[in-house]
Amino acid sequence: MSLQPAVLRNFIAIFVDVNSVSSKQITKTNTLNFAQIILPLNLKGTFTYRIPDDLQGKTEIGMRVLVPFRGKKIYTGIVFAIHDEREEGFVPKEIISILDDSPIIPDQQLAFWTWLSEYYLCNLGEIYRFSFPGSLKLESETYLKLKPNVLVDFQNLDVNEMYLIQALEVRQLINLSEIEAFIPKRDIVKTINSLIDLQYIEVDEKIAEKYKAKEVAFVRLKDEASVRMHLPEILLQLKRSTKQQELFLLILERQTGNPELNIRKSDLFEEGNFAHSQLKGLQEKGLVEEYYLQKDRLQSYEGETEELEALSADQKRAKTEIDRAFEEGKNVLLHGVTSSGKTHIYLEKIEETFAAGQNVLFLLPEISLTKQIAQRLEKKYGKQLGFYHQKLTDFERVEVWRKIRNNEIKVLIGTRNALFLPFQNLGLIIVDEEHDGAYKPREVSPYFNAKDAALILADLFTARVILGSATPSVESYWLAKNERLRYVAVRERFGNVNLPEFELVDFKEAQQTKKVNGNFSLQVLEEIRQNIEQKKQVMVLHNRRGYANVVECETCGYVSYCSNCDVVMTYHKYSNELKCHYCGHRTAKPKACPKCFSENLNTRGVGVEQIHEELTKIFPDAEVDRMDVDSMRRKFAYEKLYEKIEEGETDIVVGTQMISKGLDFDHIELVTIPRADHMLYVQDFRAEERAYQLITQVSGRAGRVSGKGKIIIQTYNPQHFVFQLIRENDPQKIYSYLLEERKKFHYPPFTKTVLIELKHRKEDKVDRASQFLGSVLRKYLPPECILGPEKSPVGKINLLFHYQILLKLPRGKKYKEFKNYITVGLNEFDEISGYHSIKKSIFVDF
């Protein structure tokens with residue numbers, strides 16, 4: 001499209017800040033001439049644009065619009081508000097065009113974005129960038145072209161202007177990045193402005209939507225009736241081209257009796273009997289034609305659907321309690337022991353919601369957990385079931401996004417980013433394994449807890465939520481006990497199968513009596529041996545990657561630190577290299593000490609690779625497999641191991657926390673944890689809670705059918721209160737203990753926490769910045785609420801030094817007031833130009 005020079009010049013002019021400033025004088029107009037636009041940039045607030053006359057009445061909240069920003073850039077913005085207020089002396093830029101016929105983002109989603117921005121202290125643009133598939137944002141490239149029938153007077157042009165005109169005479173269209181090849185960057189704006197003023201050139205914005213529907217090639221007879229009428233002549237014509245004749249007869253045979261059949265082009269060449277040149281020959285003779293049909297990138301289940309099984313008595317009781325809670329407008333915390341059949345209850349509630357004509361969102365912490373639930377739901381809902389997660393390509397995400405908007409998908413299984421899909425009639429959100437840390441990863445921006453966000457989104461849609469877990473988070477348990485959620489417990493395993501029994505082994509005593517072999521007591525090894533002999537499977541949990549924590553020089557004590565981070569590099573024997581688990585840096589294992597050149601190097605600490613190696617040597621006839629992030633990197637590695645365990649081809653599975661999630665097999669009877677202590681001794685107030693959750697979750701893999709499951713925990717401290725409580729298997733006692741500890745030291749759920757982390761390449765600068773921010777916050781917050789600033793536990797990651805401030809704020813009315821003070825303090829910090837290079841991360845309820 002061609003635009004007027006006055007508008008075009010805005011694309012390359014100096015950037016004018018269009019952000020609203022409350023202190024400026026506001027005047028009102030009689031019509032709604034202005035729109036607040038969210039841009040996909042991590043910048044504060046929304047931006048004011050004028051709605052041109054031809055778009056008045058057509059622009060609506062929730063639509064995508066094209067807007068200029070920072071000179072030549074064009075962005076796809078979202079209309080957030082429409083109003084009639086204009087700042088005195090401020091001339092906003094105009095919206096270029098509207099991209100949608102109707103709003104594509106529901107009002108509930110925009111309200112959801114607003115809540116996330118306010119509660120988690122992040123920017124709307126940051127949320128937009130995270131939540132929207134990239135291919136739904138348009139790509140802008142500014143192209144230049146000569147005006148039609150223009151006569152150029154070359155005598156009045158300077159050298160750069162002549163170069164550009166000559167290039168356009170040859171190329172017709174040139175984009176701005178190509179101009180940099182023959183005109184210096186500093187002269188590009190001046191040259192383009194001059195030629196626009198002379199009316200020699202104009203700017204043509206080639207706006208291209210990135211998403212393109214997938215098309216599949218098919219072939220058919222060009223004129224079937226004519227072909228059949230003249231078939232003898234055609235076969236005679238093809239007599240000399242034997243292969244063309246065979247291909248023609250194959251197409252004719254497939255189409256006979258079924259004229260609506262789509263013959264896929266690729267199927268014709270699958271067996272290698274024909275070549276593309278033979279098909280091309282038939283096309284040139286006018287006998288067949290090629291055509292294209294749009295096809296989903298995601299394959300839907302097309303088999304027969306099946307009904308659900310009946311609930312057990314305990315499950316029926318739990319479902320009745322959930323129904324009663326929903327009638328009273330309460331959301332539910334479903335606390336079911338491992339293998340109690342929580343999924344079965346979910347399926348019943350999904351079916352009820354589906355029958356009522358509403359949509360269901362089923363959230364999982366990781367997409368690898370979908371295998372079993374997906375198989376059951378596919379057989380029930382077929383094409384009305386969808387998936388949305390980070391492993392989909394961007395185009396695949398767009399297809400799911402559009403199907404949700406068109407209400408074609410009624411039940412969606414997804415990870416946390418599925419919360420941002422444009423649901424039309426959301427009736428139920430299920431958050432499975434609600435305690436899982438994957439719902440609030442600190443590595444992804446913006447930071448938010450998907451579990452808490454799901455409760456808000458459901459409220460905006462007047463939908464209901466089920467939070468499900470065998471080990472709920474302490475915060476969720478506390479909310480349930482304080483009637484903020486309805487607590488529903490399922491205390492029996494499905495089929496009245498017994499819960500596994502726990503046994504504590506004193507590893508210190510075993511070492512003193514020399515009843516150990518490597519990292520295992522002889523008692524544990526005997527239990528493993530008996531299980532293997534009985535054709536049962538064993539799981540071994542060791543939640544530490546690599547072979548050893550460190551490679552150390554025995555002569556001088558030197559250890560290898562990561563060159564980018566303040567951490568010792570972990571030794572991975574499988575690849576024979578040292579790896580940093582923070583930045584990914586890797587290096588070959590040294591043959592000699594880099595400091596004293598001694599070859600006397602030894603490993604310290606125990607990783608999952610070492611446990612796997614030990615068991616392989618101790619049980620040479622057993623099939624021992626490893627499941628951790630490193631071994632599962634290969635394509636389909638997880639699926640292949642899953643099938644091996646299911647078919648009974650694996651005897652022992654050694655793994656990190658991955659083995660505690662989503663594995664439901666009949667023959668696992670024994671779970672052992674050789675070094676349980678390291679789970680407790682971590683610099684984290686949630687360490688005991690996470691140890692309990694991990695041990696309980698992995699224990700749920702044992703004896704799911706036989707009821708003879710056994711969990712053996714090796715520890716140097718069997719009298720530790722957490723281990724004793726786990727052995728008793730009384731959740732109420734465990735949560736009472738954890739809540740008492742939290743209350744004593746003023747940690748959530750009795751307080752609200754905000755962690756502010758500052759990062760920079762220069763340590764002295766980020767140190768000064770953190771001290772300044774701390775002093776600013778102390779002006780507004782009580783001193784007892786502020787801990788720090790101090791260096792983070794890992795002081796440097798990926799060449800950035802980290803400093804942090806922890807805020808502990810009271811719950812209730814004061815919390816919102818203090819939160820506003822934090823915003824004021826952060827704004828003061830941002831006003832210091834010397835600190836603009838400081839990277840700032842804010843974690844609310846971390």
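His 572 lies in strand S26, residues 570-572, where strands (E, at least two residues) and helices (H or I, at least four) are DSSP runs numbered from the N terminus. The model is predicted, so local features need pLDDT of at least 70, side-chain atom pairs count only at pLDDT 80 or more, and totals for chains, interfaces and linings use all residues. Residues are numbered from 1 along each chain as its sequence is written, and side-chain values use heavy atoms, with hydrogens and water left out.

**A buried histidine**

- His 572 counts as buried because its relative accessibility is 1%; buried means under 20% relative accessible area, exposed over 50%, and partly exposed in between (1.4 Å probe, protein chains only).
- The side chains of His 572 and His 581 make a polar contact at 2.8 Å.
- A polar contact is a pair of N or O atoms within 3.5 Å; within protein, one must be able to donate a hydrogen and the other to accept it, and residues adjacent in sequence count only if both atoms are side-chain atoms.

**Positive phi angles**

- Phe 597 is not a glycine, yet has a positive phi of about 65°.
- This phenylalanine, Phe 597, sits in the loop between strand S28 (586-588) and strand S29 (601-604), and is exposed, with a relative accessible area of 65%.
- Asp 845, also a residue other than glycine, has a positive phi near 55°.
- The segment after strand S37 (839-844) holds Asp 845, which is buried at a relative accessible area of 13%.

**Cis peptide bonds**

- Pro 748 and Pro 749 are joined by a cis peptide bond with omega about 15°, and Pro 749 belongs to the loop between helix H24 (731-744) and strand S34 (751-760).
- Another cis peptide bond joins Gly 788 and Pro 789, with omega about 5°; Pro 789 is in strand S35, residues 786-797.

**A patch of negative charge**

- On the surface, Glu 639, Glu 643, Glu 646, Glu 647, Glu 649 and Asp 666 gather in a patch of negative charge.
- Patches are made of residues with over 30% relative accessible area and no salt bridge, like charges being joined within 9 Å and nonpolar side chains (Val, Leu, Ile, Met, Phe, Trp, Tyr) within 5 Å.
- A salt bridge is a side-chain nitrogen of Lys or Arg within 4 Å of a carboxyl oxygen of Asp or Glu.
- Asp 666 is located in the loop between strand S31 (652-655) and strand S32 (668-673), and is partly exposed, with a relative accessible area of 45%.

Technical notes:
Areas by Shrake-Rupley, 256 points an atom, 1.4 Å probe, with all protein chains shown as cover. Lys, Arg positive; Asp, Glu negative; His and termini not counted. Charge placed at Lys NZ, Arg CZ, Asp CG, Glu CD.
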